[in-house]
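Let's take a walk through this structure together, one region at a time. Have the sequence and the 3D view at hand as you read.

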Amino acid sequence: MDYVVELLDIRKEFPSVVACDNITFQLKRGEIHALLGENGAGKSTLTNILFGLYQPDSGSIRLRGREVSIPNPNVANHLGIGMVHQHFKLVHNFTVTENIILGSETTNGLFIDLRSAAARITELSNKYGLNVNPHAKISDVSVGMQQRVEILKMLYRNAEILIFDEPTAVLTPQEIQELMKIMKNLIAEGKSIILITHKLKEIKAVADRCTVIRRGKLIGTVDVASTSQETLAEMMVGRKITFTIDKQEQVCGGSTLVLEGLSVRNNNGVLGVKNLSLEVHAGEIVGLAGIDGNGQVELVESIIGLRKVESGKIFLKGHDITTLPIRDRLNSGVSHIPEDRHKHGLVLEYTVGENLILKIYNQEPFSRRGLLQREAIAEHSNRVIQEFDVRAGQGAATSARSMSGGNQQKTIVAREIDRNPDLLIAVQPTRGLDVGAIEYIHRRLLGQRNKGKAVLMVSLELDEIMNLSDRIAVINNGELIGVVDANDTTENEVGLMMAGIKRGAMA
Amino acid sequence: MRLTGNSPIEGYRYLFSGGAMNIERIGNTLATATPLIFTGLAVAFAFKTGLFNIGASGQMLMGGLGATAVGLTLAWPKPILLTVMMLVALFAGGLWGAIPGWLKAKFNVHEVVASIMMNWIAFWTVYYAVPAYFKGPFLETESRRLPSSASLKVPWLTNLFQGSYINLGIFIAIATIIIIAFILDRTTLGYELKAVGHNKHAAQASGINVNQRIVLSMAIAGALAGLGGASFYVGFASNMQIGVLPSQGFDGMAVALLAANSPWGVFSGSIFFGILHTGKGFMNAMTNIPPEIADTIIATIIYFAATSVLVERLWERLKKKKILRFLEKSDVGAGGGE
């Protein structure tokens with residue numbers, strides 16, 4: 001069999017964990033081979049070994065049948081291995097060409113030969129249908145285009161084996177379609193692709209074979225066409241997963257949150273949210289869909305009180321809270337699961353117990369006359385940890401920093417939902433979590449809805465929005481494009497709205 | 001030391017034994033350590049809130065000036081007078097700390113810049129005020145000596161330690177450590193301040209008024225340094241000299257670093273400094289090692305002590321990071337944030 005890359009019996013141990021437990025992974029020439037696993041399963045360790053960022057403790061790497069050692073990424077580049085990182089590594093005020101040649105500039109005496117580089121980029125771009133303008137500035141092009149620049153960067157360096165690390169996380173559904181077409185073009189031209197992902201739908205759509213790893217162990221390599229999504233999921237998680245969320249119809253109550261003509265400035269001083277009006281009722285989940293950076297952050301921050309409102313009003317249960325300080329808003333029934341759990345969600349240096357009282361430490365019984373009441377705090381945190389199934393090694397005394405991302409998120413979810421808020425604002429509540437944790441958090445959000453509370457969920461994952469929401473509000477460039485009923489729309493329609501095309505204007 | 005033709009072993013022996021050889025020297029060690037405890041706490045406390053208080057020297061000067069001014073003007077009974085003096089020092093230092101805190105909160109002026117400026121304002125204020133209002137009998141550059149009723153020195157303590165500089169300041173310092181440790185550990189205020197120091201975004205999102213806490217933290221830090229000034233100028237010394245920015249303000253940073261910002265660590269760190277400073281004179285006297293070398297040695301010891309703490313912490317962090325990185329492996333990115 002014609003294998004381009006063979007990782008044979010790779011073992012890699014870190015202090016206290018085995019990241020790769022004798023894993024064998026073989027990539028055929030001209031195939032798209034998916035690497036599937038939950039977070040922390042060992043996918044990244046394995047590919048980082050191939051890319052030269054880690055050295056294996058044992059096992060061997062074979063390239064086109066020859067055994068090689070890859071001590072660093074430069075060697076990997078030389079051997080024709082390229083990687084598209086999840087977070088693009090581009091210089092924003094450089095042009096596409098400048099970014100692509102960065103590190104391997106062709107020179108003309110003392111000067112960089114930009115012209116011939118640009119010509120070559122255009123040629124490559126046409127060959128693979130990438131449609132990239134070599135003279136555009138990175139700061140001016142879309143995220144999908146930036147990703148194609150990253151792909152070009154590898155092609156420019158003659159990479160034969162391309163590693164894509166969670167490439168679809170930042171793309172709109174239409175951009176994902178585009179990317180898949182590009183990937184098919186690439187293999188048609190003889191390249192081989194390793195696709196790291198935990199999205200089963202994408203694997204089904206594009207991959208030829210799929211290798212599943214779980215907790216550092218190889219579970220198996222399967223042929224994608226003959227394997228169902230359910231089987232793949234079960235291999236990944238180790239138990240049966242229910243995909244469909246049991247959502248009962250329910251009549252929703254009065255409006256809990258009302259936004260009236262809200263305008264908010266973003267960090268650059270221009271309006272990030274423009275004259276936006278929206279209502280969230282008791283007993284419903286409103287999903288706010290949109291591509292990253294289209295005003296979601298500004299909108300949420302203005303509701304929480306982290307950002308000043310330029311004009312317009314915010315009402316909570318009929319009371320105007322537009323200018324209230326943050327604490328008063330929290331106390332009148334707003335909870336917030338922030339997008340960045342390390343920045344806004346947790347004090348990592350604090351223990352789980354201390355983090356669980358972050359919003360209630362000043363209330364009885366957790367403190368009296370300015371003194372913290374340790375017993376009450378311990379009792380509270382033990383109960384919450386138990387109830388929300390937060391896995392913390394040393395219970396309430398575990399430092400937040402030492403926990404896994406999923407359990408950190410659960411800690412935040414526990415803290416916010418335990419306050420029994422009338423309005424829960426959840427921003428990307430499952431970002432970067434594994435299937436098990438996602439399932440759990442979704443259940444909790446639905447629980448709030450079923451209790452008759454209002455939930456505003458902001459997410460970049462269209463699946464999440466489609467599955468959970470009762471109504472979907474779509475935001476583009478700070479404007480509300482429209483609100484649609486979740487039962488009465490399609491992924492495609494929402495995707496188009498995310499791109500700024502209003503409903504009705506579509507045909 | 002070798003270069004100056006002396007035996008290093010002997011030098012070190014004298015350096016350390018000089019600080020703890022007899023009761024008087026132990027007393028002096030404690031007396032030297034007293035202002036350091038205050039300034040060390042002043043730096044450590046601000047650090048807990050994520051602020052770098054480089055202005056302890058100026059806060060000390062203002063505290064000392066306030067206390068000296070009261071002590072030289074009022075002739076009240078000793079217990080009342082001392083209490084008032086300490087309170088004045090507390091407020092003067094507190095004000096001197098609060099100003100950079102306020103500038104930071106209101107205009108986002110970096111507290112390091114602001115508190116360095118405040119150091120010089122204090123320096124020149126003393127330069128003007130002492131000769132103008134509290135001039136000594138002989139020297140233009142010193143204030144009058146404080147009457148014994150306004151000194152933190154008390155005869156029973158001085159006698160107990162056979163004529164050393166030790167004074168009531170040490171008791172106030174220990175009491176302060178206990179209070180600060182209590183505030184940081186047990187109160188909602190400490191909880192808020194530490195939350196702001198560790199992650200002000202999360203603190204703000206939880207409804208803590210971050211700016212207010214910054215001002216308060218700097219005010220408390222300043223008050224601590226102000227008390228340190230009082231303990232130095234009306235305890236250790238009995239008058240104020242002009243044209244000197246007290247080095248304790250800066251040594252306080254080293255103490256806080258050695259202590260990893262823990263209040264009781266500040267205590268041990270200050271005692272360590274006290275031993276070195278007291279032993280310095282003894283080493284000079286007993287060997288031919290020049291005093292400049294002695295200071296160099298002290299600086300070197302502190303340097304290594306401090307870096308060893310740093311190296312250790314760096315090591316810990318690296319280890320933690322590795323494990324973390326592993327745990328969040330596929331999370332890299334998606335989890336975003338490390």
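This is a predicted model: local features need pLDDT of at least 70, side-chain atom pairs count only at pLDDT 80 or more; totals for chains, interfaces and linings use all residues.

Where they touch, domain 1 of chain A puts in nine residues and domain 2 of chain A puts in 12 residues. On the domain 1 side, the elements giving two or more residues are α6 (173-188) and α8 (229-237) of chain A. The top contributor there is α8(A), with three residues. Sorted by class, that side of domain 1 of chain A has five nonpolar, three polar and one charged residues.

Now for the sheets. One of them is an open sheet of four strands in chain A, in the order β14-β13-β16-β17, with antiparallel pairing. Its edges are β14 (271-281) and β17 (319-320) of chain A, each of which pairs on one side only. Strand β13 (residues 255-265) of chain A is joined to β14(A) by seven bridges, in the antiparallel sense. To spot one such pairing, look for Ser255(A), whose bridge partner in β14(A) is His281(A). Helix α9 (residues 296-304) of chain A lies across β13, β14 and β16 (309-316) of chain A, at about 65 degrees to β14(A).

Another open sheet in chain A has six strands, ordered β18-β21-β22-β15-β23-β24, and its pairing is mixed. Here the edge strands are β18 (334-337) and β24 (479-485) of chain A. From one strand to the next, the twist averages 20 degrees. Inside this sheet, β15 (residues 285-289) and β23 (residues 471-476) of chain A run parallel, joined by four bridges. Gly287(A) stands opposite Ile472(A) in β23(A). Helix α15 (residues 435-450) of chain A packs on the sheet too, touching β15, β21 and β22 of chain A, with its direction at about 150 degrees to that of β22(A).

Finally, hop over to chain B. How many of the 11 residues of helix α8 (residues 188-198) of chain B are buried? Nine are, so this helix is largely enclosed by the rest of the structure. Among them are Tyr191(B), Leu193(B) and Val196(B). And what do the buried residues of α8(B) pack against? Their neighbours include α2 (23-48) and α10 (210-236) of chain B, together with β19 (367-368) and β20 (371-372) of chain A.

Note on methods
Residues are numbered from 1 along each chain as its sequence is written. Chains are lettered from A and ligands numbered from 1 in the order in which they are written. A residue is buried if 20 or more other C-beta atoms lie within 10 Å of its own, exposed if 12 or fewer, and partly exposed in between; C-beta atoms are placed from the backbone. Two residues are in contact if their C-beta atoms, placed from the backbone, lie within 7 Å. Ala, Val, Leu, Ile, Met, Phe, Trp, Tyr, Cys and Pro count as nonpolar, Asp, Glu, Lys and Arg as charged, and the others, Gly among them, as polar. Two strands pair if DSSP finds at least two bridges between them. Axes are lines fitted to C-alpha atoms, for helices over the stretch in contact, and angles run from 0 to 180 degrees between N-to-C directions.
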